[in-house]
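Keep the viewer open and follow along.

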Amino acid sequence: MDYKPIMDHGRSSYGVPNPGYLPSAEGPSAMFAPPAPDSQGPSAPPASMFDNMPGYEGTVAGGGGGFLPPPMPTHPTPQPQPGSEQPQWNIPSISEATAREAFALWVSSKCCYSSAPVKDGVITNMEAFNTYRYRLETFTESRSTEWSHEPYKGQPVDAYAQPPPGPWDIPATAPSYFTDSQQIIKVPYTSSMKSCHVCMGMGRTPCKDCTGAGNKVCWVCNGAGFRHGNERCNHCFGRGRENCHFCHGQGFKQCPTCHGKQQLLVYINLTVKWTNNSDNYVVEQCSGLDLDNLSQVSGKEVFRDSQYLVYPVMGFPDPAVVNAAQRLISEHQGRFSQTSRILQQRQTIELIPVTKVTYSWKGKTHIYFVYGNEFKVNADNYPATCCISLKMLEYNHVFLHTFLYTELSFLVVFF
């Protein structure tokens with residue numbers, strides 16, 4: 001491109017002339033009138049950009065086609081086997097010393113709790129509860145496809161060389177059981193070369209900052225070309241416009257989609273997701289402890305069964321656990337078998353120790369709970385919180401500081 005003077009004011013050149021912008025008839029110093037900006041191209045690829053691949057007719061750009069149902073198994077699936085019956089399990093009560101030690105540790109973690117109930121309180125009763133947590137995990141593999149594209153840099157183009165393999169026929173490297181993971185695979189024999197839909201195969205797009213003009217209104221003279229009467233603007237040299245700094249006066253920038261290559265490689269991506277779907281059920285034993293607290297602790301595992309498909313728990317002493325196992329297993333198989341492939345299931349039962357401690361302090365009865373293998377403590381109505389006292393001390397401190405400041409100011413003025 002030849003560089004020519006835009007205006008002749010004794011200076012050799014200023015910027016690059018844009019063919020879409022012509023000087024006004026009112027004179028060379030008048031503001032350029034920009035034409036309507038060129039189209040920036042569609043934001044999403046048109047449907048005609050994608051080929052019709054056998055076995056992938058429902059694939060769309062950006063996903064949205066949903067998960068692909070797995071094919072029917074070619075071999076008979078193994079039938080779940082019932083696990084062995086479990087004996088009666090009981091949680092031994094923790095000792096009074098353990099309960100008091102856990103209580104003391106909990107109080108010490110609070111910034112404004114007095115330790116007097118721990119030191120002077122007398123434990124009058126300790127009651128243990130058998131609290132079971134049933135967990136069912138279903139490890140699944142799901143597959144979905146979407147059209148994708150990238151700048152064409154000489155990659156192989158193999159569309160229609162032969163029929164592409166089916167979505168569930170493409171091998172993928174699965175992680176260990178019950179571990180979430182994802183793998184994206186380019187489907188073979190789906191790659192083709194297309195003109196970029198954003199820049200229409202030009203490799204560049206109009207600059208959005210100057211709308212393709214290559215220059216903008218001078219911010220010093222606001223496009224007038226003069227300052228303070230007939231004094232010519234020194235910033236734009238009387239032109240009324242200045243070169244766009246974003247496109248360096250060119251009026252266009254490299255296409256962000258094709259990176260200036262003008263062509264795109266269009267292909268189908270297969271997304272394989274492995275998900276560990278987990279549901280819990282905690283048996284309520286009327287201990288008074290909120291069940292949400294138990295999600296933060298662990299217990300003693302008393303039962304574990306892992307198979308392709310697990311069988312509901314049989315012979316467990318608590319019928320609530322048996323009913324929960326039957327319900328969750330039925331729900332998981334109905335929920336995940338239609339849109340994914342079940343690879344493995346695992347069910348576990350934990351015994352979570354919960355001890356309700358009753359103690360007396362200053363003639364009144366109070367309770368707290370010690371729960372989990374971590375011996376966590378919950379005491380919602382702790383009788384010796386001193387937050388109010390601290391707030392009163394802070395208020396008194398502020399009041400005393402204000403009073404002294406006022407008195408000193410008065411003495412200074414007086415003397």
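Which residues form one aromatic cluster? They are F103, W106, Y113, Y359, Y368 and Y382. We'll come back to that group, but a word on ground rules comes before it.

This is a predicted model, so local features are taken only at pLDDT of at least 70 and side-chain atom pairs only at pLDDT 80 or more, while totals for chains, interfaces and linings use all residues. Residues are numbered from 1 along each chain as its sequence is written, and side-chain values use heavy atoms, with hydrogens and water left out.

Now the overall picture. The protein has 415 residues, and 39% of them count as buried (buried is under 20% relative accessible area, exposed is over 50%, and partly exposed is in between, with a 1.4 Å probe and protein chains only). Its secondary structure comes to four helices and 14 strands; these are DSSP runs numbered from the N terminus, with helices being H or I over at least four residues and strands being E over at least two. Take the contacts between residues at least 6 apart in sequence: 81% of them join residues at least 24 apart (contact means heavy atoms within 4.5 Å). The accessible surface is about 24100 Å², and carbon and sulfur atoms account for 54% of it (Shrake-Rupley method, 1.4 Å probe; for residues, only the protein chains shown count as cover).

How far can you trust what you see? The average pLDDT is 82, and 77% of the residues score at least 70 (pLDDT is the predictor's confidence in each residue, from 0 to 100). Two stretches call for caution. Residues 388–393 stay under 50, and the model gives them one contact beyond four places in sequence. Where pLDDT is low, the predicted coordinates should not be read in detail.

Back to the rings. A search of the whole structure turns up 13 aromatic pairs (rings of Phe, Tyr and Trp, the last by its six-membered ring, pair if their centres lie within 6.5 Å; planes under 30 degrees apart are stacked, over 60 edge-to-face, and the rest tilted). Y113 and Y382 make a stacked pair, 4.9 Å centre to centre with 5 degrees between the planes. That pair links distant parts of the chain: Y113 sits in the loop between α1 (96–108) and α2 (116–120), Y382 in the loop between β14 and α4 (387–414), and the two are 269 residues apart. Y382 is buried, at 7% relative accessible area, whereas Y113 is partly exposed at 25%.

V107, in helix α1, touches both of those tyrosines: leaving aside its neighbours within four places in sequence, it is in contact with Y113, S114, S115, V118 and Y382. V107 is buried, with a relative accessible area of 3%. The C-alpha atoms of V107 and V118 are 8.1 Å apart, and the two residues are eleven places apart along the chain.

Next, follow the chain through a run of strands. β12 (residues 341–361) and β13 (residues 364–371) run antiparallel and are joined by eight bridges (two strands pair if DSSP finds at least two bridges between them). S360 has T365 as its bridge partner in β13. The two strands form a hairpin with two residues between them, and K362 in the turn has a positive phi of about 55 degrees. β13 then meets β14 (residues 376–378), again antiparallel, through three bridges, with V370 opposite V377. This hairpin has four residues between its strands, and G372 in the turn has a positive phi of about 80 degrees.

Some charges sit over rings too (NZ of Lys or CZ of Arg within 6 Å of the ring centre and within 35 degrees of the ring normal). R346 places its charged end over the ring of F178, 4.0 Å from the centre, and F178 itself is buried at 14% relative accessible area. The charged end of K186 sits over the ring of Y267, 4.3 Å from its centre.

Last stop: K261, in the loop between β9 (252–254) and β10 (263–282). K261 is partly exposed, at 44% relative accessibility. Beyond its neighbours within four places in sequence, K261 is in contact with P151, Y152 and K153. K261 and K153 are 108 residues apart in sequence, yet 7.4 Å apart in space, C-alpha to C-alpha.
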